[in-house]
Amino acid sequence: MTTTAADQAPGSSPAPEPTDENVWLEEIYGEAPLAWVREQNARTEDLLEDADYAGLEGSILEVLDSTDRIAMVGKRGEWYYNFWKDQANPKGLWRRTTWESYLTDSPDWDVLLDVDALADAEGEEWVFHGATFLRPAAGEPYRLALLALSPDGGDANRYREFDVRTRTFVDPASGGFDLPTAKGNVSWLDADTLLVASTAGNLPRTASSYARTAVTLRRGETLSAAARLFEVPDGHMMAVVAHDSTPGFERTFAVDYIDFYNRSTFIRWDDAWLEIDAPTDVNLSAHREWLLFRPQQDWSLDGTTYPAGSLLAAKFEDYLAGSRELLVLFAPDAHTSLQSWSWTRNFLLLNLLRDVSSEIRVLDPSAPGAASDGGATSGGAWASSLLDACPPLHDVNAYAVDDEDEGPADGGAGDDFWLVATGFTTPSTLMRGTLERAGSGSTGEVSADEVSTGVVSHHAEVKASPSFFDDHQYEVQQHFAVSADGTRVPYFQVASRDLVLDGQNPTQLSGYGGFEVSRTPAYSGTVGRAWLERRTATSGVPGEAAHSRGGVYVVANIRGGGEYGPSWHRAALKENRHRAFEDFAAVAQHLVHRGVTSRERLGCVGGSNGGLLVGNMLTTYPELFGAVSCGVPLLDMRRYTRLSAGHSWIAEYGDPDVAAEWEYIKAFSPYHLLRDGVEYPETFIWTATSDDRVGPVQARKMAARMQAMGIPNVWFHEALEGGHAGASDNRQAAALQARSQHFLWRTLAGG
């Protein structure tokens, strides 16, 4: 449960409020703050946007706009839908094609919505955030969808009903749904009814700025007149409602998100909400007859303790009726964690990480746990097979194509799956496969003898991304650094095959370390071109002959992330936050110790929570780095809960209004750790005005304080649009990435 200042024991004192000379910058769209932003932007652009920058930005934009990229699709009925951006369509096209056409080199795309044309026609800078279809009646095609459109790239969306047959929005004057721009979520209940959680109009919002109330909105009604359906307390994070329309398993759910890691889940039962009995830190998901559980901490139930990060199953109806017989589908070990799962019609796909390399298992609910892959067992209740599709040091994910597709008429069945594979030097590949029980020849009913032989998969390449740099010239290595408390911390190193270990390689160290987010191997044409292939003609060592060298790219898998499951994440929560920073510092020191780089050649980069990470490298470990690139960051940890969506992260960082918690929070609040007389690395702080998640305020204040202290080489840039991603189209994204990469290269490579 989240603690707030109001919950403190009587007589306890609130945390002190440090002097803040930059509060005036918190008025996001104020005239004076924006004038300051424009002045800073001009100064930074004068520094960075030279001839080399222009070439770099163009090179990155070429990658982002490439028409050879994989057009990833999602299946709805007989159609395969895609959203696409390129040079000609910077805001994007929502489009679809058939399976037969998709298999060709030049699919015939049926364009449903041209977002650029819509923006021009309506005078609004729309950013497409997805579509939610209404399930049609049996035998009918998908037709109606709710499109989420953001006016500035932020988290607040306007939901508008769209007819894919006519390729037009349904006119609100004729009863079409058109919800005002707000934070929240929307779900179809039926053709004439939506379930809506929203902050629009007079609907209340939580202290975290998210929806507190959900309503049942009928066609033709306004949100203010809609019947209230569900509500959460003001101090909780948000309310979410959703209807599962799976035929035969129709259910309506509501979730009270207490905080990021605690939630209560309810099902609509006899016109009332019935809470599903489980600890709030156990994640629940329902699929047909099954209810799955993933505990964030060890869960003791009826004398059995299920470890954090395991995956458990129960029959949905049995569990609601009081049965507590749980099946263990996956149990973690010291090296292996569960990242995600996906149901096909007859099987369950588990995406795992083993020492941050992918492993995929296929579970068969119809068969008891048995050895099906050369004698090894997963220790689970259902038969498990290893999917042979994961090379070492790669990220490979499997997920269902369409678990309700019962026949092969459109080129696949309900047990088809997508397989997306990527690596630091391996362009992404999309494959499609089919699962079937060995010996059965189909996914229908089979005998017990046939079931025991396991699951067979067949998959083949569908699409492959081109290579945007000479990836064969580089190799990926995994190393382990030892943190301050003795914990082994893995990291990936991508560098030239002829890397010279002389301490003079410009090295970019990236990390995140929060919210159970895993940093896995992924191909990036931007990193390849902007960093790995960049060249400097001098080693910087007196007396040594000049030679060409490219950059080294490093990704650290520090605690706070999800690489080893919930325990890896929880190890750096709240008062233990310092462990994430110690891990990152240990990786930096290990790179220097191994001779890869030196302090003058080593830079770090991070965004959002990663911005907090590198902000602490700047203030606590300045002696380790020559440059810091800090994006859309949290930095003022005394006031973060009062800015944008900050209140929702108390479960991650703690509540600074509580005196006892501020005592440890202030130890990782970069805004309050700046000191006179310290030699800080060169610093680039970047953000976006329209970011309504972290917001631009903390970045502004940090830069202003550093400059006022006379700290040299502090640069700031704020994109005036783009949301938390900092960019809403490829052009903005290329500029954002080019600024960060160019800053690091100029500083670390001696440009």
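# Close-up views of a predicted model

By the sulfur-distance rule used here (a disulfide is a pair of cysteine sulfur atoms within 2.5 Å), the count of disulfides comes to zero. This is a predicted model, so local features need pLDDT of at least 70 and side-chain atom pairs count only at pLDDT 80 or more, while totals for chains, interfaces and linings use all residues. Residues are numbered from 1 along each chain as its sequence is written, and side-chain values use heavy atoms, with hydrogens and water left out.

View A. Cysteine 630 is buried, with a relative accessible area of 4%. Here, buried means under 20% relative accessible area, exposed means over 50%, and partly exposed is in between, using a 1.4 Å probe and protein chains only. Cysteine 390 is partly exposed at 23%.

View B. Helix 4 covers residues 115-122, and its buried residues are Val115, Asp116, Leu118 and Ala119. Looking down the axis of helix 4, those buried residues fall within an arc of 160°, so they line one face of the helix. (The arc is that of the directions from the helix axis to the C-beta atoms; helices, H or I with at least four residues, and strands, E with at least two, are DSSP runs numbered from the N terminus.) As a bit of background, an α-helix has 3.6 residues a turn, so residues three or four places apart point the same way. Turned away from the buried side of helix 4 are the exposed residues Asp120 and Ala121.

**View C. What surrounds helix 4.** The buried residues of helix 4 pack against several strands, including strand 2 (79-84), strand 5 (127-133) and strand 7 (157-163). After helix 4 comes glycine 123, which has a positive phi near 65°.

**View D. Aspartate 110 in strand 4.** Aspartate 110 has its place in strand 4 and is buried, with a relative accessible area of 17%. Its side chain makes a polar contact with the side chain of arginine 167, at 2.7 Å. A polar contact is a pair of N or O atoms within 3.5 Å; within protein, one must be able to donate a hydrogen and the other to accept it, and residues adjacent in sequence count only if both atoms are side-chain atoms. Setting aside neighbours within four places in sequence, aspartate 110 is in contact (heavy atoms within 4.5 Å) with Trp94, Arg95, Arg96 and Arg167.

**View E. Histidine 394 in a loop.** Histidine 394 sits in the loop between strand 27 (382-386) and strand 28 (395-400). Histidine 394 is buried, at 16% relative accessible area. The side chain of histidine 394 reaches the backbone oxygen of proline 392 at 2.7 Å. Not counting residues up to four places away in sequence, histidine 394 touches Ser357, Ser358, Thr422, Gly423, Thr426 and Pro521.

**View F. The largest nonpolar core.** A nonpolar core is a set of buried Ala, Val, Leu, Ile, Met, Phe, Trp, Tyr and Cys residues joined through side-chain atoms within 4.5 Å. The largest one has 70 residues, and Leu509, Phe584, Val587, Phe625 and Tyr653 have the most contacts inside it. Helix 9 (residues 578-593) gives the largest share of this core, eight residues. Beyond its neighbours within four places in sequence, valine 587 is in contact with Ala481, Val489, Tyr491, Leu509, Val554 and Ala556. Another core lies apart from this one; it has 30 residues, among them Tyr523, Leu532, Tyr553 and Trp745.

View G. At the start of helix 15, a side-chain oxygen of aspartate 729 comes to within 3.2 Å of the backbone nitrogen of arginine 731. Glycine 750, with a positive phi near 80°, follows helix 15.

**View H. Two loop residues with positive phi.** Most residues other than glycine have a negative phi. Serine 644 is not a glycine, yet its phi is positive, about 50°. It lies in the loop between strand 37 (627-631) and helix 11 (650-653). Asparagine 713 is not a glycine either, and has a positive phi of about 60°; its loop runs between helix 14 (697-708) and strand 39 (714-719).
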